[in-house]
Amino acid sequence: MSKKHDYDVLIIGSGAAGLSLALRLPEKARVAVVSKRELKEGNTLYAQGGISAVLDEADSMESHIQDTLTAGADLCDEDIVKLVVEHGPQNIRWLLNQGVEFTQQPPTGSSGYHLTREGGHSHRRVVHAADATGRVVELSLEDKARQRANIDLLEYHIAIDLVCTPRNDGSQARRCHGAYLLDLKEDRVKTIGARCVVLATGGSNKVYLYTSNPDVATGDGIAMGWRAGCRVANMEFIQFHPTCLYHPDAKSFLISEAVRGEGGKLVLPDGRRFMDDYDERGELAPRDIVARAIDNEMKKHGLDNVFLDISHRDADFIRSHFPTIYSRCLELGMDITREPIPVVPAAHYTCGGIWTDSRARTDILGLYAVGETAYTGLHGANRMASNSLLECLVFSELAAKDIAARLEQESEILPILPHWDESRVTDSDEEVVVAHNWDELRRFMWDYVGIVRRNKRLARARRRINLLQHEIREYYSNFRVTNDLLELRNLADVAELIILSAQLRRESRGLHFNRDFPWRDDSQRRPTILIPDSYVPRDK
């Protein structure tokens with residue numbers, strides 16, 4: 001017997017990539033969107049800067065393409081860059097149709113909107129909603145999704161693993177049929193089947209001690225895809241945002257790159273600027289250069305932080321363009337119209353991820369990956385500012401078209417899926433083990449696999465991660481799963497991928513800087529691709 005599928009499409013992740021994909025699928029398709037917390041909680045909600053797209057006649061597609069290639073340190077897939085940039089304007093129009101309201105005053109050129117400029121961009125091309133673009137986008141998409149009768153929203157569910165089986169046509173290729181989910185409120189595991197599954201869980205930057213990301217950014221999709229048999233690429237390229245607010249009560253609060261785009265200057269405690277010593281573009285250099293410069297100045301002078309100063313701009317301009325940053329800093333006793341902002345670099349964006357093609361398809365039939373979870377080739381060795389939300393939108397559009405066509409063409413009945421087996425596990429009486437391993441993992445990743453790396457540090461990190469993974473596997477095999485255990489398991493898998501990728505790249509390029517190989521070697525001008533033991537090439 002076969003049982004009827006639970007859903008046509010199961011989307012694991014509820015940020016801009018996941019929700020925009022769900023909204024673009026045919027309304028006759030039955031869709032589920034999975035969120036670990038409430039639907040809005042994720043990286044999109046906290047994105048401040050904006051979305052890059054060519055909207056002004058003074059700008060050009062060619063310029064946006066070239067800026068992206070340059071920022072990516074000659075490691076971008078040029079065809080993908082062209083594809084994404086050319087789809088940019090239509091995706092901004094799609095957001096407008098979803099009710100997103102972007103800042104219009106004062107308008108930039110012919111765009112009709114106020115466009116800001118961020119690091120790596122040669123023109124003003126970042127459309128934004130003040131300094132809370134991600135929040136406006138996420139809440140608008142959430143509102144639309146809640147109105148759609150064909151979309152089920154599974155909040156407070158965390159995915160455990162994908163359910164994949166060999167195809168029934170005699171080929172070696174595997175097919176994804178769904179996933180196991182832990183219902184956090186009911187504390188029970190559900191087996192959810194689907195004709196197509198999409199990984200849209202965001203990045204993995206909670207693997208580091210200091211990060212701009214919320215607690216949910218634990219690399220779940222990357223880890224699940226890897227365990228299921230998907231290749232991953234470019235995991236050594238972790239972007240550290242140069243300016244995270246340095247304050248004991250300001251957990252993970254980002255100071256948008258747009259502050260530097262509007263004239264903010266990085267200074268030492270004595271007020272001296274330093275970015276011109278590192279790059280002719282100064283504060284508008286790409287993020288990898290700015291983050292390493294700040295890191296070097298902090299180590300050279302024994303500082304806990306540097307400062308970002310925009311107080312020379314008009315106070316009304318600052319309050320109107322950066323209301324979120326202004327209000328949060330004021331809550332903490334800092335008036336940014338009068339004084340500089342203390343900042344430090346923090347892990348911010350995962351440029352690598354699950355390998356996908358130009359339609360967001362992974363190595364496993366029926367499995368897609370979109371957004372920060374995926375490696376598309378857009379970012380290369382360094383993501384240019386505000387290209388991330390653009391990538392989410394464009395690849396959700398491309399994936400939705402491919403999925404819709406697959407649903408129309410295929411009539412394959414979902415097989416009966418095996419139920420989750422808890423017959424040989426017990427409740428844990430040693431939760432302290434999870435907490436201790438979580439803390440140790442994030443600390444040694446920060447110390448050994450951070451902004452600046454060395455061979456010895458990477459080797460040390462690899463030994464530690466191997467020991468931790470052994471402990472985690474033993475724990476996972478004996479006790480019932482919990483949210484913390486699942487996130488720790490995923491972070492450990494992602495940490496291993498980052499370390500292995502960093503060891504394979506024997507040069508310095510973009511976000512990966514190794515003091516033992518401080519030069520760029522163009523013989524290594526290719527993505528770093530890791531292949532799991534369970535990998536089987538997709539046959540079509």
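Predicted model: local features only at pLDDT ≥ 70, side-chain atom pairs only at ≥ 80, totals over all residues.
Student: What should I know before I start?

Tutor: Local features need pLDDT of at least 70 and side-chain atom pairs 80 or more, while totals for chains, interfaces and linings use all residues. Residues are numbered from 1 along each chain as its sequence is written, and side-chain values use heavy atoms, without hydrogens and water.

Student: At what angle do helix H4 and helix H5 pack?

Tutor: Helices are DSSP runs of H or I with at least four residues, strands are E runs of at least two, and both are numbered from the N terminus. Axes are lines fitted to C-alpha atoms, for helices over the stretch in contact, with angles from 0 to 180 degrees between N-to-C directions. Here H4 (residues 78-86) and H5 (residues 88-97) meet at about 40°, their axes 4 Å apart.

Student: Which residues of H4 and H5 make the contact?

Tutor: Contact means heavy atoms within 4.5 Å. Val84, Val85 and Glu86 of H4 meet Gly88, Pro89 and Gln90 of H5.

Student: Is Ser204 buried or exposed?

Tutor: Buried means under 20% relative accessible area, exposed over 50%, and partly exposed in between (1.4 Å probe, protein chains only). Ser204, in the loop between strand S9 (188-199) and helix H7 (220-228), is buried at 0%. Leaving out residues up to four places away in sequence, Ser204 touches several residues, including Met235, Thr350 and Leu491.

Student: How many disulfides are there?

Tutor: A disulfide is a covalent bond between the sulfur atoms of two cysteines; the cut-off is a sulfur pair within 2.5 Å. The whole structure has zero. For Cys230, the nearest cysteine sulfur, in Cys164, is 7.3 Å away.
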